[in-house]
Amino acid sequence: MNVYGLLIGISVVIGIELIKKYEQEITYLNILFILILTLLGARVLFLLHNIEEIQNGSIDPLAILGWGIGLLRLH
């Protein structure tokens, strides 16, 4: 079972709570920063989780649209 969506949601909530704790104000730039870092972290987790397929050559780690968090297929 893929839990990337759950991890992304938890990461966003934790990021927003940390901003509220330290900066007192949430701006759109802060939320954009959280979302970008969350998606990058989810991508790294996906690559680490599928390291055997990357070593076998069945997954290209740079092909974001072919294999990725949402597994978008462009066929």
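**Entry 1: the buried side of α2.** I listed the buried residues of α2 (buried: under 20% relative accessible area, 1.4 Å probe, protein chains only). They are Asn-30, Ile-34, Thr-38, Ala-42, Arg-43 and Phe-46. These residues pack against α1, residues 4–22. Helices here are DSSP runs of H or I with at least four residues, numbered from the N terminus.

**Source note.** This is a predicted model, where local features need pLDDT of at least 70, side-chain atom pairs count only at pLDDT 80 or more, and totals for chains, interfaces and linings use all residues. Residues are numbered from 1 along each chain as its sequence is written, and side-chain values use heavy atoms, without hydrogens and water.

**Entry 2: Thr-38.** I picked Thr-38, which lies in α2, residues 28–49. Why does Thr-38 count as buried? Its relative accessibility is 10%. I then looked up its contacts (heavy atoms within 4.5 Å). Leaving aside neighbours within four places in sequence, Thr-38 touches Ile-8, Ser-11 and Val-12.

**Entry 3: a salt bridge.** I searched for a side-chain nitrogen of Lys or Arg within 4 Å of a carboxyl oxygen of Asp or Glu. How many salt bridges does this rule give? The count is 1. Lys-20 pairs with Glu-17, and their closest N and O atoms are 3.2 Å apart. The two sit 3 residues apart in helix α1, so about one helical turn separates them.

Terms used
Buried < 20%, exposed > 50% of the residue type's maximum accessible area, 1.4 Å probe, protein only.
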